[in-house]
Amino acid sequence: MSKVVIIDYGAGNIQSVQFALERLGVQARLTHNKEDILSANKVIFPGVGHATPAMKSLQAKGLDKLIPTLTQPVLGICLGMQLMCSFSEENNQNGLGIFGATVKKFLGQEKVPHIGWNDITLKKSNLLKGIKKNAYVYFVHSFYAETGSETIAITNYGQNFSAALQKNNFYGCQFHPEKSGELGQKILKNFLTINK
Amino acid sequence: MLTKRIIPCLDIKDGRTVKGVNFKNLIDAGDPVELAALYSDQGADELVFLDISATAEKRKTFAELVNKIAQKINIPFTVGGGITSVEEARTLLLAGADKVSINSAAVRNPALITELSNAFGSQCVVVAIDAKQVDKEWVVHLVGGKEPTNLSLFDWGKQVVELGAGEILFTSMNNDGTKQGFANKALQKLSTLVNVPIIASGGAGSIQHFADTFLLGGADAALAASVFHFNEITLPNLKQELQAQGIAVRS
């Protein structure tokens with residue numbers, strides 16, 4: 001049986017991710033234990049809230065060093081994905097540098113936070129396989145990752161930004177698959193079936 | 001394109017869904033977990049659960065209910081009702097809620113908005129404002145509309161955003177329960193003053209009322225209870241009609 005862990009570093013609302021996996025028949029463990037994370041087949045790195053306290057909490061647990069060395073599929077969600085980027089304008093916080101993208105604050109005419117269901121334009125990726133064009137997923141965030149070569153899904157809100165990123169075994173979603181209805185469940189299922 | 005959200009609201013008392021008309025006359029409208037799952041399946045974009053239980057013991061029941069809802073449904077939901085501290089909010093967020101909504105506590109202790117925003121991010125913090133138009137003024141009311149304040153909807157709206165609110169849920173007490181439509185003029189004015197999403201609440205009676213609050217009121221989301229609870233408007237039908245009027249909704 002495949003072992004799935006959710007990195008527990010004090011970020012809020014990780015139980016929703018755990019419940020979403022339960023609905024897919026997977027019992028994921030919450031952990032910040034290094035051995036536990038290293039031995040997992042799949043690692044989920046969730047997060048809501050502020051970049052700086054989240055990064056401090058990762059550092060306190062030594063997870064900032066561990067996460068970039070992981071070789072199994074890793075999925076960062078929302079702030080988790082942003083922390084995997086190189087740098088965030090949120091309090092000018094350095095990230096884990098897994099993705100080259102930088103994270104910026106929405107500064108256009110649009111309302112901030114970007115809250116609600118928005119469509120994604122897809123590039124080819126095993127994370128988003130089987131997802132149809134103009135699929136709607138749920139976003140709630142004030143900062144966004146720029147688009148670049150690692151972008152696998154784009155959303156427009158005032159400007160284009162990365163709705164999802166991928167580099168090697170590392171994946172990230174700005175949206176919340178655990179809150180994006182059936183479609184989100186499908187994306188999580190895709191992640192669970194990615195071969196190492 | 002970001003779509004307009006339709007948000008069924010479930011008032012919860014002692015673990016059951018109830019709906020107040022003009023904040024009075026509660027009628028039992030069913031089991032919240034079942035109702036939540038039904039709305040989610042029908043295409044609700046989000047849900048709001050307001051706990052109107054009075055006692056601390058019942059509040060514990062609410063946290064347990066929040067946990068059951070999170071287990072069952074895969075769309076976002078906000079919880080509110082009587083939250084007065086970061087710790088109370090944390091309990092509900094850890095139980096699986098996505099956002100918390102505060103109302104009277106925000107007026108009594110505006111620093112709470114900032115504390116919540118610092119602890120969980122502004123995207124987690126909805127400030128609910130109940131206001132009533134008295135003469136020309138929109139006066140903010142507390143305790144489910146019972147207690148008037150000296151705050152104006154528009155000043156208070158601007159202030160809560162400065163303090164860290166990520167969203168405003170504005171209920172017009174004049175419209176609530178009337179089924180005569182949302183307070184679109186006030187909504188429109190509020191939306192020009194603040195740069196966070198606004199949820200319109202109070203007055204939904206027909207599909208056109210939803211269309212109007214998006215087109216005329218500039219609302220980002222519309223919340224309603226009894227029209228959904230008593231099946232007067234169904235979500236698939238509502239969304240189809242909104243789409244036909246050129247309003248972007250998730251289908």
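User: How many residues lie between E11(A) and E12(A) in their hairpin, and which residue in the turn has a positive phi?

Analyst: Start with the general idea: strands of a sheet pair through backbone hydrogen bonds, in either a parallel or an antiparallel sense. The labels come from DSSP runs, numbered from the N terminus: a helix is a run of H or I with at least four residues, and a strand is a run of E with at least two. Two strands count as paired if DSSP finds at least two bridges between them. Here, the hairpin of E11(A) and E12(A) has one residue between the strands, and A:Gly158 in the turn has a positive phi of about 80°. The strands, residues 151–157 and 159–167 of chain A, run antiparallel and are joined by six bridges. One bridge pairs A:Ile154 with A:Ser162.

Before we go on, note that this is a predicted model: local features need pLDDT of at least 70, side-chain atom pairs count only at pLDDT 80 or more, and totals for chains, interfaces and linings use all residues. Residues are numbered from 1 along each chain as its sequence is written, chains are lettered from A and ligands numbered from 1 in the order in which they are written, and side-chain values use heavy atoms, leaving out hydrogens and water.

User: Which residue takes a positive phi in the hairpin of E12(A) and E13(A)?

Analyst: That's A:Asn168, with a phi near 50°, and this hairpin has two residues between the strands. E13(A) covers residues 170–173 and pairs with E12(A) in the antiparallel sense over four bridges. A:Lys167 has A:Phe170 as its bridge partner.

User: What is the strand order in the open sheet of four strands in chain A?

Analyst: The order is E6-E5-E7-E10, with mixed pairing. E6 (93–94) and E10 (143–145) stand at the edges with a single partner strand each, so one side of each has no neighbour in the sheet. Inside the sheet, E5 (residues 87–88) pairs with E7(A) in the parallel sense over two bridges, and A:Ser88 stands opposite A:Val103.

User: Which way do the residues of strand E12 of chain B point?

Analyst: In a regular strand, side chains alternate between the two faces of the sheet. In E12(B), residues 221–224, B:Ala221 and B:Leu223 point one way and B:Ala222 and B:Ala224 the other, and all are buried. Buried means under 20% relative accessible area, exposed means over 50%, and partly exposed is in between (1.4 Å probe, protein chains only). E12(B) runs parallel to E1(B), joined by four bridges, and also pairs in the parallel sense with E11(B), residues 198–201, over three bridges.

User: How many salt bridges does the structure hold over all chains?

Analyst: Side chains of opposite charge can pair when their charged atoms come close. The rule for a salt bridge is a side-chain nitrogen of Lys or Arg within 4 Å of a carboxyl oxygen of Asp or Glu. The structure holds 15 of them over all chains. One joins B:Lys99 and B:Glu46, with the closest N and O atoms 2.7 Å apart. B:Lys99 lies in strand E6 (residues 99–102) and B:Glu46 in the loop between helix H1 (32–42) and strand E4 (47–51) of chain B, so the pair ties together parts 53 residues apart in sequence.

User: Are those two buried or exposed?

Analyst: B:Lys99 is buried, at 1% relative accessibility, and B:Glu46 is buried too, at 0%. They belong to a network of salt bridges that also links B:Arg5 and B:Glu167.

User: How many residues does each chain give to the contact?

Analyst: Contact means heavy atoms within 4.5 Å. Chain A gives 30 residues and chain B gives 40. The size of an interface is often given as the accessible area lost when the parts come together. That buried area uses a 1.4 Å probe and is summed over both parts. Here it is about 2700 Å², with 50% on carbon and sulfur atoms. Two salt bridges cross the interface, including B:Asp98 with A:Lys179 at 2.9 Å between the closest N and O atoms.

Notes:
Buried area = accessible area lost by both parts, 1.4 Å probe.
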